[in-house]
Structures are given as structure tokens and as C-alpha cells.
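Student: I would like a close look at a single part of this model, with the surroundings built up step by step.

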Amino acid sequence: MNALKYCTKRRKIGEKIPLCIQKGIYQIRVSEIDFLESEQRKVHIHLENGEVLTAYGKISEMQAMLDDCFCRCSQAVLVNMRNVRSLVHMKFKFLSGNEAEISQRYYADVRRRFCRYINSELSGEISDE
């Protein structure tokens, strides 16, 4: 049975998602994920603490579980924009020190989405004051 099919609804930032991996079943907060990277039939989940968990499945199935703050930046990489420190030289750099490359094909759209995300965060902070 596919490990990622346990979750079918989209998860918000404070919620947890269950992952079945070789070591057992983990529950991780969506906010702890820096990015996801697929390799053949595996999805490597890079966490902000530097840990990498690997589950069997497709990155598209994972994307369906996560909210709109996750952005596809290549065929194989899905990024949590909440944890991004900067977008420099076609790479996302995370607060944790992790990095994820952006493919040239996706770069224009990713840059536009990231700028829109930053603007929405800034306008949200200003309107809350």
C-alpha cells in the first residue's frame, strides 16, 4: 500500500502529516518541512533540523496533501515558501541552511509566486497592526 495515500486532505502549516517509512510511522508538522525531493519512486523530505526522511510515493501525491505555500520549483522538487530565507542564483536558501535548486523551466513562475507570497505576508502583517 502506498505510504502517501494515508492523507487525502490538504494540511495547513500547524497540522501534522503521517509518513510511513522504513524506520516506522512518523508524524511531522508541515511547518518543519523545508522541501521535498523525488527520486524514482521515493520522496525525500528535508526537514528544518537537517534530518531527511524518505517515503515511497510520488511528489504529486505529497503536493496534493499540502497547502498553497508549497511551490513546485522543478519536476522533482517542492518547496515550503514559509521557510525560505532568500531566492538567489536560481536557488532557494532556507532559514535552516538547506538549499534547493530551481530549474530554468520553472524559474520565472517560481520567482513570481515567491514575490506574491512575500507581498501577501507583508500586507498581512501590516493589516494586523
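Student: Which backbone oxygen does the side chain of Asn80 reach?

Tutor: In this predicted model, the side chain of Asn80 reaches the backbone oxygen of Ile33, at 2.9 Å. A second contact involves the backbone nitrogen of Arg82, which lies 3.1 Å from a polar atom of the Asn80 side chain. Both distances fall within the 3.5 Å used as the cut-off for a polar contact between N or O atoms.

Asn80 belongs to strand S7, which spans residues 77-80. Asn80 has a relative accessible area of 0% and is therefore buried, the cut-off for that word being under 20%. The other residues of the strand share this burial: Val77 and Val79 point one way from S7, while Leu78 and Asn80 point the other way, and all are buried. This pattern can be read against a general rule, namely that side chains in a regular strand alternate between the two faces of the sheet.

The neighbours of S7 come next. On one side, strand S3 (residues 33-39) runs antiparallel to S7 and is joined to it by 3 bridges. Among the bridge partners are Leu36 with Leu78 and Phe35 with Val79. Ile33, whose backbone oxygen receives the contact from the Asn80 side chain, lies within the residue range of S3. With S6, strand S7 pairs in the antiparallel sense over 4 bridges, and here Asn80 itself takes part, as the bridge partner of Phe70. S6 and S7 form a hairpin, with 2 residues between them.

Key:
Residues numbered from 1 in each chain as written. Predicted model: local features only at pLDDT ≥ 70, side-chain atom pairs only at ≥ 80, totals over all residues. Heavy atoms only, no water. Pairing = 2+ DSSP bridges. Buried < 20%, exposed > 50% of the residue type's maximum accessible area, 1.4 Å probe, protein only. Polar contact = N/O pair within 3.5 Å; in protein donor to acceptor, adjacent residues only side chain to side chain.
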